[in-house]
Amino acid sequence: MNIKGKTICFECMNLSDDVETCTHCGAPIPHNVPKQDFSNVLRPGSILQNSYVVGKAFYTDGFIVRYLGLDVINECPVNIIELFPWDLSERHDDGITVIHGKNPDGFEKVTTRFQRRIAAITKIDLNIMEKVISCFVEN
């Protein structure tokens, strides 16, 4: 997958000048976008907000999913956290859209609570935790 004339390395989520081997981590760059190790998660290569490319999911606990990602604008790797409560939602066949028909009111309450927590974390500037650079609702 190419962005800005460079190839995305799905191992480290940096842009590489080389199409065969990542110029950042040295990993071989596959010719196809890799598959996820988890089910019901976003497909690698999905683009969010025209700014972030989703990489591999590396953590899920039934409430959130964490992905390696690429900030296309700043050309740097990021972590993407998706709210995806398994008991309240499922993934549409398109691999992106979240369906919350099981309990729409419950999903809305969880979403509101999650957004409040992220907003509070955004105001905290500690060196011991990741900085939140963006929070948005999509799909």
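**Helix, sheet and core**

Guide: This is a predicted model. Helix 1 has 20 residues and spans 29 Å from its first C-alpha to its last, close to the 28 Å expected at 1.5 Å a residue.

Visitor: Which residues are buried in helix 1?
Guide: Gly106, Phe107, Val110, Thr111, Phe114 and Ile118 are buried there. Viewed down the axis of helix 1, the buried residues fall within an arc of 130 degrees, so they line one face of the helix.

Visitor: Why would residues three or four places apart point the same way?
Guide: Because an α-helix has 3.6 residues a turn.

Visitor: And what covers the buried residues of helix 1?
Guide: The cover includes strand 6, strand 7 and strand 9 (98-99). The face turned away from the buried side of helix 1 carries the exposed residues Asp105, Lys109, Arg116 and Lys123.

Visitor: Turning to the sheet, in what order do the four strands come?
Guide: The order is 4-5-6-7, in an open sheet with antiparallel pairing. Strand 4 (47-48) and strand 7 are the edge strands, each pairing on one side only.

Visitor: How many bridges join strand 6 and strand 7?
Guide: Eight, in the antiparallel sense. Ile64 stands opposite Leu83 in strand 7.

Visitor: Which residues touch the most other members of the largest nonpolar core?
Guide: Leu48, Val54, Val65, Tyr67 and Ile80 do, out of 19 residues in that core. Strand 5 (52-60), strand 6 (64-71), strand 7 (76-83) and helix 1 (104-123) each give two or more residues to this core, and the largest share, four residues, comes from helix 1.

How values were computed
Residues are numbered from 1 along each chain as its sequence is written. This is a predicted model: local features need pLDDT of at least 70, side-chain atom pairs count only at pLDDT 80 or more; totals for chains, interfaces and linings use all residues. Side-chain values use heavy atoms; hydrogens and water are left out. A nonpolar core is a set of buried Ala, Val, Leu, Ile, Met, Phe, Trp, Tyr and Cys residues joined through side-chain atoms within 4.5 Å. Buried means under 20% relative accessible area, exposed over 50%, partly exposed in between (1.4 Å probe, protein chains only). Two strands pair if DSSP finds at least two bridges between them. The expected span of a helix is 1.5 Å times one less than its number of residues. The arc is that of the directions from the helix axis to the C-beta atoms. Contact means heavy atoms within 4.5 Å.
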